[in-house]
Each structure stands twice: as structure tokens, then as C-alpha cells.
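Q: Take me through the labels on this one, and show me what each of them rests on.

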Amino acid sequence: NDRNSTWIYSAKQQLLFMSNFANNNTRKQNLRGLSRKLFNLAERNQNFFLTMGREWPENKLGMVTVSVGKSRAQPIRLKLSTETLILQREELVYVQSEITQKDPAILSRIRVVMIPREKNGGLGVSVKGGAEHNLPILISRIFKDQAADKTGKLYVGDAILKVNGVDMDGCTHDDAVAALKKAGDEVTLSVRYFRPASLFLSRNRRNTRTGSVTSPTSASGDESDTGTLTKPKLEKQWSDILCVPLLFAYITRYHPGTDKIRHNAFEVVGMDGGSSGTIHCDNTITYLEWMRCITHNINMLNNHSITMSNKLLLPAEQISHMCWTCERLMATHHWHNWKPQFLALKGSDIYLFDSPPSSTRDWTRCERIYKIYDCMFRILKDSELQDERQHCFSIQHGSGETHYLCSESRQELLKLEKEWFRTNYMAVLHQRSKTFGCSWRGRISGLTLDMNMGFSLYDSETKSYMWNYKFSQLKGSSDDDKTKLKLHFLNEHTKQIDSREVECSNLKTLLYSMHSFLSAKLASVDPCFLQDT
């Protein structure tokens with residue numbers, strides 16, 4: 001039951017070490033046997049989770065308070081499992097007393113019971129139900145010390161399937177009473193316990209049309225209302241009131257749409273928008289522990305989903321990262337300035353969704369798709385933040401579009417940054433080169449960025465390359481933020497700086513692509529670059 005695979009492997013090594021020094025052969029064998037069991041357990045469980053593409057899940061149970069909107073917080077029990085977060089409330093519910101303690105295997109099968117009819121007391125049962133009530137014929141009462149009670153094999157809630165071999169299916173209540181009355185001195189009943197009947201019988205115990213009819217086969221006198229066996233009683237139980245699936249869910253500390261952080265409180269929102277409400281914790285330690293465990297399970301499920309999806313995708317279309325972010329909207333008079341956005345890195349593209357994609361059609365219908373090498377990812381400094389939200393970053397596209405977003409934690413932000421550079425590296429490797437129309441010295445040209453060749457300028461009039469420099473020769477650049485770009489290269493022969501000025505109408509995209517190709521080139525020559533990013 002231990003979730004820590006590291007501990008299991010550590011215990012295995014310790015036991016093997018101990019067994020090597022054990023003097024007694026039996027003790028040595030026992031230690032080795034226990035070691036093998038621990039090793040097999042670790043292998044089996046770890047392989048299971050490795051095939052799921054994730055680590056060990058967190059399971060947690062604890063008390064919190066939950067509020068919805070401005071309502072008063074109510075005590076709630078949280079139950080965290082691998083795939084769901086369940087909110088439970090303690091409620092008074094009807095439960096069965098003794099009948100639920102019977103062997104389920106006995107109650108679930110058809111039982112044949114023979115009842116010798118008594119001269120004065122009849123069979124000693126009352127029945128309810130019937131076809132007119134869309135119910136089987138049910139034993140509603142067994143009279144104490146009479147024929148049916150003496151068998152010890154009948155229970156209130158048993159459905160009578162056959163009487164002396166005659167099928168009771170579709171019989172009305174009156175037909176059933178008549179059949180029991182005419183069944184003879186020895187009555188053979190085929191019965192099976194009908195669990196839903198307990199609530200029906202308890203609700204109709206008062207004098208109603210179905211409740212007041214008593215079979216002539218029963219007798220008056222000292223009766224044992226088998227409510228003592230099946231009569232529901234009130235007990236406190238934890239009932240599930242809400243279940244939030246954790247796949248592609250997100251957890252947030254902020255009040256919805258704002259930059260205001262709740263104190264020791266958070267909210268879990270499912271991919272369908274269903275919310276847990278505001279979950280309040282008694283102290284910071286409990287708050288951080290719940291946040292950690294829930295986030296851990298969400299990440300495991302998301303990673304597993306990515307792994308399963310990638311098995312159906314071509315290498316160039318693989319999903320590298322998916323996560324929730326929050327985007328700051330344009331300045332409005334409304335105080336809700338932040339909106340959740342689902343960000344995905346797939347192939348060479350960046351996707352921004354309002355909700356996670358659940359089908360291929362969702363990917364193709366996404367309205368905001370950008371090539372990653374045409375964009376700039378930048379983590380913002382504290383001086384650049386527009387409000388109290390932390391861990392903010394911007395995605396700038398060459399067309400001039402800028403998205404101001406934030407992550408829930410610094411860990412998530414750094415993870416996104418790392419995956420961004422990794423995705424960019426793979427996208428540039430697949431693209432290999434990219435050419436921009438420009439002019440050089442008044443002549444129409446094409447500036448090409450190539451992973452192998454570096455910078456090359458092709459003259460369309462002479463149909464030849466005018467110059468070529470490796471990426472490593474670039475020592476600096478400057479631009480006028482409009483169309484002009486100056487590139488400064490180190491000439492390997494003269495050891496002097498060569499300045500090349502070009503004009504490009506798509507200057508921003510050119511600059512962002514230069515940055516993308518340079519970082520990809522750095523990653524190709526320095527494998528540690530992606531690890532240290």
C-alpha cells in the first residue's frame with residue numbers, strides 16, 4: 001500500500017544487504033524472499049504507472065469548508081483520488097438494519113422455500129405490490145411464530161416469483177392473494193430478495209390502498225412486523241454532493257477574473273467549467289498540502305493524456321505541452337480582467353483555447369494558432385506587471401498581436417518556458433529554413449535563415465547569393481522598429497565587423513524567427529541548453 005516506489009527499492013537494497021550478513025540460513029532465505037516480494041511489488045506498480053506515463057498518484061481525505069459565491073462556508077469532506085476530487089457532506093440517510101448483514105450471495109439468488117400451512121394461522125405473511133403498481137409481488141410482513149417465520153428463510157422485501165411452480169410475473173395484487181390462498185396445505189415459494197422494495201415498503205407502511213391489503217393467508221394476533229429486520233433507520237453517512245474530474249482541470253488561488261488572492265483558499269475547476277466552489281483550509285500547511293496533491297494528480301492525468309494522444313500522431317505533430325493559463329483582457333470598466341485560457345504546444349504550433357480540445361475537430365477549429373518560430377516568449381519582470389498577479393509572461397507574434405498571460409505558480413511558468421524552447425527546437429529542425437522577402441541596397445532580395453548555412457542573402461536579379469554568414473558570426477543587430485534591420489557579422493578572414501542593412505516589411509516576424517533559429521542552433525550544439533533553460 002506504500003505509494004513511495006523509492007522507499008520500496010531502498011528497502012529491497014537494505015534487505016539484500018542484511019541477508020548477506022545473516023548467519024542463520026532460514027533467516028537469510030526469509031529476508032531474500034521478502035526482498036523479492038518488495039521488488040516485485042515495486043516493479044508491478046511502477047510499470048503500471050510508467051505505462052500511464054506518470055508517477056505515483058496522491059490519495060487524500062480531509063475536512064475543509066466550502067463556500068459558493070457569497071454563501072456561508074459549510075463543512076465538507078474532500079476525497080482526492082487519482083482521477084477525481086469528490087466533495088462529501090454528512091447527511092442523515094435511511095439504512096437497513098439486519099437485512100443488509102445477510103450474505104449477499106444468498107439474497108441475490110433465487111431461493112425455494114416450502115411452507116406448511118397452519119390450520120389457524122395460514123401462511124403468516126402479508127404481500128404488497130403487483131402489476132398495477134409496476135412492482136413484483138412483495139412480502140411486506142411476516143407474522144411472528146407463524147408458518148413463514150418458522151422457516152427462517154423468508155425476509156421482508158422478498159419478491160415472490162412462483163407459487164407451486166406457477167409464475168407470478170405480471171400478476172396483480174388480488175391475483176397473488178388468490179393464488180396463495182388456493183395453494184394447498186404445503187406451499188412452495190420461489191423468491192429472490194428485491195432490494196429496492198425496502199424503501200417502498202417503509203414509505204407505504206401507513207394505511208394506503210397497497211398498504212392496507214392483507215393476504216387472507218395471514219392471521220391476526222401477535223404479529224412481528226419485520227420492520228425490525230428491514231425497517232430503515234436514520235444514520236449519519238458521508239454522501240457525495242459533487243465530483244470534479246481532474247483531467248485537464250485547473251486549480252486557482254485567485255478570485256474569478258481578478259488579481260486578488262484568496263487567503264488559505266483555492267478553487268478547482270473542471271475542463272467543462274464545473275467548479276468545486278471556494279475551498280477554505282484552516283491553516284497554511286493544510287492549504288499548501290491540498291494544493292500540492294491536487295496539482296500533482298492533475299499533472300499526471302494530463303501527461304498520460306498527452307502520451308496516449310501522441311501514439312496516434314506523426315512525429316512532426318506531437319503534443320509537447322498543455323496547460324491552463326489566465327489571459328489579461330483589454331482594459332475594461334468591468335472588474336473581471338482575467339480569463340482562463342488553455343494553451344497547447346503541438347508540432348510547430350501554439351494553440352490558445354477557451355476550453356481543452358476533446359476531438360480532432362476542436363484542434364482544426366481553434367481560432368488562435370501561431371507558428372512557434374514566429375513568436376517571442378518572454379517572462380515579465382516585476383516592474384512590467386500590470387496588476388497584482390504574479391508569474392506573468394507575454395507571447396508576441398510577428399503580426400503585432402500580444403497576449404499577456406500568467407501561470408498559477410513559478411514552477412508551472414518555468415515548465416512552460418522549458419517546453420516552449422524544446423518545442424521551438426523541434427519545429428525549427430523540421431522546418432530547416434525560412435526565407436523573408438526584403439531589399440538590400442535597393443535590390444529585391446531574399447534573406448534566408450537556415451539551420452546549417454546560417455544567414456544568406458539571395459539577389460533575385462542576379463539569381464545568386466550576395467553574402468552568407470554562420471549564426472556564430474552574428475555579433476549584434478539593431479533596427480528602427482519599422483522596416484530597417486542592421487546585422488553585424490564577424491568576418492572570419494579580415495577579423496573585421498561587416499554590417500549588412502536590409503529592409504523588410506515583416507520586420508517583427510523576421511526578428512522573432514531569428515531568435516527562434518538562434519536558440520535552436522544553440523540547443524543543437526549544446527544539449528545542456530534545453531535542460532538548463
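A: Starting with the lining of the largest cavity, its residues come to 6 nonpolar, 4 polar and no charged. The classes work like this: Ala, Val, Leu, Ile, Met, Phe, Trp, Tyr, Cys and Pro are nonpolar, Asp, Glu, Lys and Arg are charged, and the others, Gly among them, are polar. Keep in mind that this is a predicted model, where local features need pLDDT of at least 70 and side-chain atom pairs need 80 or more, while totals for chains, interfaces and linings take in all residues. Residue numbers run from 1 along each chain as its sequence is written, and side-chain values use heavy atoms, with hydrogens and water left out.

Q: Which residues line the largest cavity?
A: I372, C375, M376, F377, W420, F421, N424, H515, S516 and S519. They count as lining because each has an atom within 4 Å of a cavity point; on a 1 Å grid over the protein atoms alone, a cavity is a set of points where a 1.4 Å probe fits but cannot get out, whereas a pocket is an open set with protein on both sides within 12 Å along at least five of seven lines. At least two of the lining residues come from each of β18 (375–379), α10 (410–431) and α11. Helices here are DSSP runs of H or I with at least four residues, strands are runs of E with at least two, and both are numbered from the N terminus.

Q: How many cavities of 30 Å³ or more does the whole structure have?
A: The search finds 1, and about 50 Å³ of space lies in the largest cavity. That volume is the space filled by probe spheres set on the grid points, which are joined across faces, edges and corners.

Q: What is the volume of the largest pocket?
A: About 1200 Å³. It is lined by 48 residues, with I251, T295, N299, S409 and E412 closest to the centre. Two or more lining residues come from each of β11 (250–252), β12 (265–269), α8, β14 (319–328), β15 (338–346) and α10. Helix α8 gives the most, with 12 residues. By class, the lining divides into 21 nonpolar, 17 polar and 10 charged.

Q: And the second largest pocket: which element gives the most to its lining?
A: α10, with 7 residues. This pocket holds about 410 Å³ of space. P315, A316, E317, G347 and S348 lie nearest its centre, out of 20 lining residues. Besides the helix, β14 and β16 (349–353) each supply at least two. The classes here are 7 nonpolar, 7 polar and 6 charged.

Q: What makes N134 count as exposed?
A: Exposed means over 50% relative accessible area, buried means under 20%, and partly exposed is in between (1.4 Å probe, protein chains only). N134 is at 73%, so exposed it is. It sits in the loop between β5 (125–130) and β6 (135–142).

Q: Why does N164 count as partly exposed?
A: Because its relative accessibility is 36%. N164 lies in the loop between β7 (158–163) and β8 (166–167), and its phi is positive too, at about 50 degrees, although it is not a glycine.

Q: How do you know whether N310 is buried or exposed?
A: Its relative accessible area is 13%, so N310 is buried. It belongs to helix α8 (residues 284–310). Leaving out residues up to four places away in sequence, N310 touches Q318 and I319, where contact means heavy atoms within 4.5 Å.

Q: What about Q146, buried or exposed?
A: Buried, since its relative accessible area is 9%. Q146 is in the loop between β6 and α4 (147–151). Its C-alpha atom is 8.0 Å from that of G122, 24 residues apart along the chain.
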